[in-house]
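Okay, thanks everyone, I'll keep this short. I want to talk about aromatic rings today, so let me put the thing on the screen.

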Amino acid sequence: MIFTYEDKVIIKYLRQTYGHGRKEILSDHPEKKDWTAGGIDNLLRIIDETGDTIRAEGSGRPKTVRTPDNMDNTEEVDSMV
């Protein structure tokens, strides 16, 4: 589930101002058919842990594994074979 920026602002406001949980958020916004219970739960967990909805820098999959150390290690393994 990918929330828009506006969706995240709404959910963050409801959580921090009124302490709403997943059921209250979903029942207050029946027009948001694409909001899922799991998506709301994940977003609420992030809001509770960080106080914000923005991803932490560096989170997620690395863009590459071709670091100098890894390249040296593969050269060593190649030379052993």
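**Aromatic pairs and a histidine**

Phe3 has a relative accessibility of 10%, so we call it buried, the cut-off being under 20%. Just to be clear, this is a predicted model.

For each one I'll quote two values, because a pair of aromatic rings is described by the distance of the centres and the angle of the planes.

Back to Phe3, then: its partner is Trp35, and the two are edge-to-face, with 6.1 Å centre to centre and 70° between the planes. Phe3 sits in the segment before α1, which runs 5-18, while Trp35 is in the loop between α2 (22-28) and α3 (37-50), so this pair ties together parts that are 32 residues apart in sequence. And is Trp35 buried or exposed? At 5% relative accessibility, Trp35 counts as buried.

The other pair is Tyr13 with Tyr18, and that one is edge-to-face too: 5.8 Å between centres, planes at 85°.

Now, one more residue, and it brings us back to Trp35. His29 is in the loop between α2 and α3, and at 17% relative accessible area His29 is buried. What does His29 touch, if we skip neighbours within four places in sequence? Ile10, Leu14 and Trp35.

Conventions
Residues are numbered from 1 along each chain as its sequence is written. This is a predicted model: local features need pLDDT of at least 70, side-chain atom pairs count only at pLDDT 80 or more; totals for chains, interfaces and linings use all residues. Side-chain values use heavy atoms; hydrogens and water are left out. Rings of Phe, Tyr and Trp (its six-membered ring) pair if their centres lie within 6.5 Å; planes under 30 degrees apart count as stacked, over 60 as edge-to-face and the rest as tilted. Helices (H or I, at least four residues) and strands (E, at least two) are DSSP runs, numbered from the N terminus. Buried means under 20% relative accessible area, exposed over 50%, partly exposed in between (1.4 Å probe, protein chains only). Contact means heavy atoms within 4.5 Å.
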